[in-house]
Amino acid sequence: MGEMQPPSDAQLLRAYADHVTESAFAKIVARHTDLVYSAALRQVYSPDLARDVTQSVFIDLARKARTVSATLSPEASLVGWLYRGTRFAARDLYRNETRRTQRERQAMEQLLSAPETAPDWEQLRPVLDDAMAELDDTDRDAVLLRYFNNHDL
């Protein structure tokens with residue numbers, strides 16, 4: 001008696017695309033997770049980012065299952081598609097991470113280089129009491145309580 005061959009990647013992907021057979025997609029994921037993860041890890045150098053890339057590749061495959069399955073021969077493998085998808089996802093993630101890091105660095109540089117502008121008390125002192133004297137009692141009390149006694153508004 002002949003051995004029954006396991007279904008090909010193309011057959012599993014068609015089953016998922018046509019009938020939303022989750023178990024078929026799970027078999028694809030189980031079959032190729034190591035390939036995708038190791039390719040991602042070589043490109044992004046971080047286990048956490050490699051897991052993100054791996055997840056992204058399989059999400060992309062699920063989203064494009066109908067289109068991809070239509071182009072595959074019945075016995076085709078997905079390794080080429082998954083490897084290309086991994087390269088694209090890793091490149092995009094690396095590019096996005098680099099941009100985010102640059103934006104964060106620029107923001108921190110701006111925060112650290114912004115001089116603290118303390119009021120010039122020598123210029124402010126003579127006019128402060130005059131301005132306070134011009135306020136009516138309610139406004140003056142509000143300012144005194146807020147800024148001299150640290151009450152909230």
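This is a predicted model: local features need pLDDT of at least 70, side-chain atom pairs count only at pLDDT 80 or more; totals for chains, interfaces and linings use all residues.

Trainee: Where is Asp9 found?

Mentor: Asp9 belongs to helix H1, residues 9-19. Helices here are DSSP runs of H or I with at least four residues, numbered from the N terminus.

Trainee: Is Asp9 buried or exposed?

Mentor: Buried, because its relative accessible area is 3%; buried means under 20%, exposed over 50%, and partly exposed in between, with a 1.4 Å probe and protein chains only.

Trainee: Which side chain does the Asp9 side chain make a polar contact with?

Mentor: That of Ser77, at 3.2 Å. A polar contact is a pair of N or O atoms within 3.5 Å; within protein, one must be able to donate a hydrogen and the other to accept it, and residues adjacent in sequence count only if both atoms are side-chain atoms. Leaving aside neighbours within four places in sequence, Asp9 is also in contact (heavy atoms within 4.5 Å) with residues including Ile28, Arg31, His32 and Leu78.

Trainee: Changing topic: how many residues does the largest nonpolar core have?

Mentor: It has 26, and Leu13, Val53, Leu61, Leu78 and Leu82 have the most contacts inside it. Such a core is a set of buried Ala, Val, Leu, Ile, Met, Phe, Trp, Tyr and Cys residues joined through side-chain atoms within 4.5 Å.

Trainee: Which elements give two or more residues to this core?

Mentor: H1, H2 (22-44), H3 (47-63), H4 (65-71) and H5 (79-113). H2 gives the most, with 6 residues.

Trainee: And what does Leu82 touch?

Mentor: Not counting residues up to four places away in sequence, Leu82 touches His32, Val36, Val57, Phe58 and Leu61.

Trainee: Now the loops. Where is Val20?

Mentor: Val20 sits in the loop between H1 and H2. Its phi is near 50°, a positive value in a residue other than glycine. Most residues other than glycine have a negative phi.

Trainee: Is Val20 buried or exposed?

Mentor: Val20 counts as exposed, because its relative accessibility is 53%.

Trainee: What about the phi of Tyr45?

Mentor: Tyr45 has a positive phi of about 60° and is not a glycine. Tyr45 is in the loop between H2 and H3, and is exposed, with a relative accessible area of 67%.

Notes. Residues are numbered from 1 along each chain as its sequence is written. Side-chain values use heavy atoms; hydrogens and water are left out.
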